[in-house]
Amino acid sequence: MLIDPANVLADMIEAARRAGALTLAHFHRRESLEIGIKGPGDFVSIADEQSETLIRDYLLTRYPDWSLIGEEFPPVEGVDTSYRFLVDPIDGTTNFLSGLDYTITIALRKAGETICGLVYNPVTDEMFTAQKGHGAYLNGRRLTMRDSVDIGQIVVGTGLPTPNLTMHAGAYARLDAIRAPIGAVRVLGSAANCCAFVACGRFTGYFEQTGFVDTAAGILLVEEAGGIVTDWWGRGPEFFEKSGLLIVANRATHAFLLEHLSRVEPPAP
């Protein structure tokens, strides 16, 4: 079946906006939500589950033969496994439960390649979208990243890993290695939002170990805005999609992070 990615992206946007309205209603009465714990620092609420169910039902009603991987429920293996949606119904559940910004992110993969995606912040009503070969946008405005930046103006996003992640050890050593010469380090609590911030220039770079479902759309945003995406040793998607060890950045910040992270981390296999 021939498909137009722009039409699918429009359906993804509608699904995200509907999920945004649903989760925002929960957000404003979050004190009454029951909270489950999936692991260290890893929470889930009925809002996560309802958001994923809404997105799943909306997209698979329109594309019933396709596959889908979400954060809260088992994957759906469709008749056509070459097309696969990746859905994080609330990226930043701890933020969500604390009254901080969170995001909804959806990507569409075709034969192992991300062809379109979005990151939506319902709190600020910011919709970041990208289609491969057609650019990245924030609420319809095209995004173009700067290649260079003075070292004192570098702003890097990251996260502090929980003990269930392989790169938990050394987290503070990595922060110490990059912190002194640059402008700032910030922790947003949403990997998808960090990627979106790089694409629109609020951050000049971001590194973390995180899940690919969280970042597939954000990676495309950064690439389409003119940024660079590798693992911590400069390697491509065959490595970072599996390991989750990700650098997304403009060219100057990418070179800085590669140099300084390598002082802390031995090369991964």
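## Strands β13 and β14

Let's start with a pair of strands: β13 and β14 (residues 245–249) run antiparallel and are joined by 3 bridges. Helices (H or I, at least four residues) and strands (E, at least two) are DSSP runs, numbered from the N terminus. Within this pairing, V229 has V248 of β14 as its bridge partner.

This is a predicted model, in which local features need pLDDT of at least 70 and side-chain atom pairs count only at pLDDT 80 or more, while totals for chains, interfaces and linings use all residues. Residues are numbered from 1 along each chain as its sequence is written, and side-chain values use heavy atoms, leaving out hydrogens and water.

## The sheet around them

An open sheet is formed by 5 strands in the order β11-β10-β12-β14-β13, with mixed pairing; two strands pair if DSSP finds at least two bridges between them. At the edges sit β11 (184–186) and β13 (228–230), each pairing on one side only. On average, neighbouring strands of this sheet are turned by 15° against each other, direction ignored.

## Helices on the sheet

Helix α6 (residues 212–224) packs on the sheet and touches β13 and β14, where contact means heavy atoms within 4.5 Å. The direction of α6 makes about 30° with that of β14. Axes are lines fitted to C-alpha atoms, for helices over the stretch in contact, and angles run from 0 to 180 degrees between N-to-C directions.

Helix α8 (residues 251–261) also packs on the sheet, touching β10 (155–157), β12 (205–209), β13 and β14. The direction of α8 makes about 145° with that of β14.
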